[in-house]
Amino acid sequence: MEKIWLLLPFLLQLVSTQADFTVRGGVGVGIGRVAGGGGGGGGGGVWIGGGINSSPDPTPPQGSSVSKLGNAYTALQAWKSAISGDPQGILKTWVGSNVCAYKGVFCDLESEDELGDPTAQIVTGIDLNHGNLQGTLVKELSLLTDMSLLHLNSNRFSGTVPETFRDLSSLTELDLSNNHFSGQFPTQTLLIPNLLYLDLRFNNFSGSIPDDLFNRKLDAIFLNNNQFSGQIPSNLGNSPASVINLANNNFSGHIPFSFGYMGPRLKEILFLNNRLSGCVPEGVGLWQDLQVLDVSFNSLVGHLPESLSCLAGIEVLNLAHNELSGELPNVVCSLSRLENLSVEYNFFSGFSQECAKLPFRNAGFDFSLNCIPGRGMQRPQPECSVVPGSGLNCLRIPAVAKPLVCGTVLDNQARSSSPSP
């Protein structure tokens with residue numbers, strides 16, 4: 001008996017040390033910002049928790065973090081009860097009040113005392129990408145007001161987005177892609193004050209998209225591969241986004257005229273595989289630094305605007321599978337950074353020598369199934385006798401305004417700077 005009492009101080013010290021290690025388990029450093037809707041982690045600083053080998057702490061959190069971590073515990077346990085499928089066993093770690101030890105949950109240090117020691121922990125991110133979880137989202141997730149990213153890519157979540165998501169005041173990245181969400185566009189996401197990245201692609205959302213989507217300060221908008229329909233809002237040009245993907249939906253009507261006058265932040269925009277009609281808007285490229293423009297698999301008609309010559313940074317230009325006509329402008333094929341130009345399955349009647357040089361620049365150029373005389377793999381002549389949309393008058397920059405066209409401006413500058421013979 002005396003031996004047991006002699007060992008007791010040692011055992012108590014060991015238990016204290018183990019408990020301290022458990023609270024601080026799973027420390028890691030999050031490096032860089034997650035981009036493109038697929039990665040995990042995110043944000044700089046020290047992340048506490050999330051390690052799968054961290055042991056849950058059965059004791060309640062202490063100090064000034066009690067309220068916030070308590071709210072996090074309430075939110076995550078409510079969500080856990082709404083998840084019915086967990087083939088990877090992720091939720092087996094969601095036990096106890098130490099939410100910072102839950103797999104996929106990341107914490108940060110909210111503040112430090114005078115000695116530089118942490119005084120509080122907060123949940124700042126959830127990354128369950130590729131978790132294959134099945135269930136729904138719950139309203140209690142809005143209690144995570146310090147969370148800056150929520151990544152749920154490639155799961156089996158269904159239902160709708162809770163209205164309470166508007167209260168996620170710190171959220172900057174919301175990735176719900178590749179799930180089974182449905183219903184109308186979740187307008188509550190547009191009320192999240194600091195949201196910059198919105199990824200809803202590969203779901204079953206339907207109906208029209210709100211005008212306010214393009215009034216928000218979103219930098220990335222991914223809506224592709226849903227069932228959205230109706231016209232694209234006319235205020236598309238208001239968006240400050242650098243990437244917009246509207247592909248593989250059921251949008252109809254014209255590409256908004258305002259698209260031609262979007263600012264230089266826009267780098268990629270995709271309209272492919274919808275039911276869009278009308279002309280390619282005048283002014284496209286006039287103000288932009290676009291690198292990717294894809295309008296393929298629609299029903300666009302008419303001639304291309306000369307303002308496409310302004311796309312000095314364009315790398316991929318896909319106009320295929322439309323009903324475009326006229327000659328392919330020389331200035332388009334002269335774009336120096338062009339890596340791939342696709343114009344197949346249209347009604348173009350010719351192209352310039354600059355276009356013929358594209359293969360020699362190691363640039364892809366597919367012009368098959370058009371109406372170009374003397375070229376192979378073109379449409380049968382009867383199909384070319386009636387050009388769709390030939391009677392349509394596309395609004396184009398008038399001759400008096402041609403200095404606005406970059407190709408013309410550059411050509412005039414080159415001529416004026418050339419020495420006289």
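L293 touches F259, I269, F271, V284, L308, I314, V316, L317 and N318, leaving out residues up to four places away in sequence; a contact here means heavy atoms within 4.5 Å. The structure is a predicted model, in which local features need pLDDT of at least 70 and side-chain atom pairs count only at pLDDT 80 or more, while totals for chains, interfaces and linings use all residues. Residues are numbered from 1 along each chain as its sequence is written, and side-chain values use heavy atoms, with hydrogens and water left out.

Helices (H or I, at least four residues) and strands (E, at least two) are DSSP runs, numbered from the N terminus. In soluble globular proteins, nonpolar side chains tend to be buried together.

Let us follow L328 next. Its bridge partner in β24 is F351. β22 and β24 pair in the parallel sense over four bridges; two strands pair if DSSP finds at least two bridges between them. Four of the five residues of β24 are buried, so this strand is largely enclosed by the rest of the structure.

Buried means under 20% relative accessible area, exposed over 50%, and partly exposed in between (1.4 Å probe, protein chains only).

| Residue | Relative accessible area | Class |
|---|---|---|
| G131 | 1% | buried |
| S182 | 29% | partly exposed |
| W287 | 45% | partly exposed |

G131 is found in the loop between β5 and β6 (134-136). Leaving aside neighbours within four places in sequence, G131 is in contact with Q88, I90, S154 and N155. G131 and I90 are 41 residues apart in sequence, yet 7.6 Å apart in space, C-alpha to C-alpha.

S182 sits in strand β10 (residues 180-183). With neighbours within four places in sequence set aside, S182 is in contact with G159, T160, N204 and F205.

Finally, W287 lies in the loop between β18 (275-278) and β19 (292-294).
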